[in-house]
Structure formats: C-alpha cells, structure tokens
Amino acid sequence: SSKEDPVRTTGDAPILAASIYPNPASDKTTVSVDIPYPQTCQVIVQNAEGKQVLSRPFHLQEKERITLNTAGLAGGFYLISVQTTDGLYVGKLVVQK
C-alpha cells in the first residue's frame, strides 16, 4: 500500500543510513556514504509525494562525499537514496526556501 515505508529493498543488500548536511538545506547539500571501495553509485532524490526529481550516477571513491545542488528544488521534504554494490543508503532532507 502507499502508506508503507518507502525505504525498502529486495535481496540481501542492507539498508544503511546516509549522512546529509547541511540539513535543512537551501542551495546545496552534501551526502556522505561509507563505501569500502571505489564504485559507481546511483543517486535518486524523491519528493514527499514519491516523485523522482533527480537520478544520476556518481563514481565514488572510499568515503567520498556527494554534493547535490538543491537550488532548483521546491521547499519541502525529500528522500535521498544512494544505491551501491553493498547496499542502499537512505536519508531524509529538508529544503528550505
């Protein structure tokens, strides 16, 4: 149902917490995930209605941070997901205008 927690994954991949700062954000925010080795990750940003507003790949090194431009996003709540080989990192972001 649509009331279920949107943070779910299939298979054995764990769901892990992403560190997001500043949060609330206005023009940009940084997403930090602790990956054990370099890999390409898929970053997805969804708004409060579950609509995908950003999806792009990032090639990350270990402990590298992702900087997201939030200037074009409307104020509100967002769910940020980073899909890696080792699991799904998720975090909530508030954009303030």
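**Strand pairing and confidence**

Mentor: S4 and strand S7 (residues 76-83) are antiparallel partners joined over six bridges. Strands are DSSP runs (E, at least two residues) numbered from the N terminus, and two of them pair if DSSP finds at least two bridges between them. This is a predicted model in which local features need pLDDT of at least 70, side-chain atom pairs count only at pLDDT 80 or more, and totals for chains, interfaces and linings use all residues. Residues are numbered from 1 along each chain as its sequence is written, and side-chain values use heavy atoms, leaving out hydrogens and water.

Trainee: Which residue stands opposite Gln-42 in S7?
Mentor: Gln-83 does.

Trainee: And how many bridges link S4 and S5?
Mentor: Eight bridges, in the antiparallel sense, between S4 (residues 39-47) and S5 (residues 52-60). Thr-40 faces His-59 of S5 there. Four residues lie between the strands of this hairpin, and Gly-50 has a positive phi near 90°.

Trainee: What is the strand order in the sheet?
Mentor: The open sheet has five strands, ordered S1-S8-S7-S4-S5, with mixed pairing. Strand S1 (15-17) and S5 are at the edges with a single partner strand each, so one side of each has no neighbour in the sheet.

Trainee: Changing topic, where is confidence lowest and where highest?
Mentor: It is lowest in S1, at a mean pLDDT of 85, and highest in S7, at 96; pLDDT is the predictor's confidence in each residue, from 0 to 100. The chain has a mean pLDDT of 87, with 88% of its residues at 70 or more.
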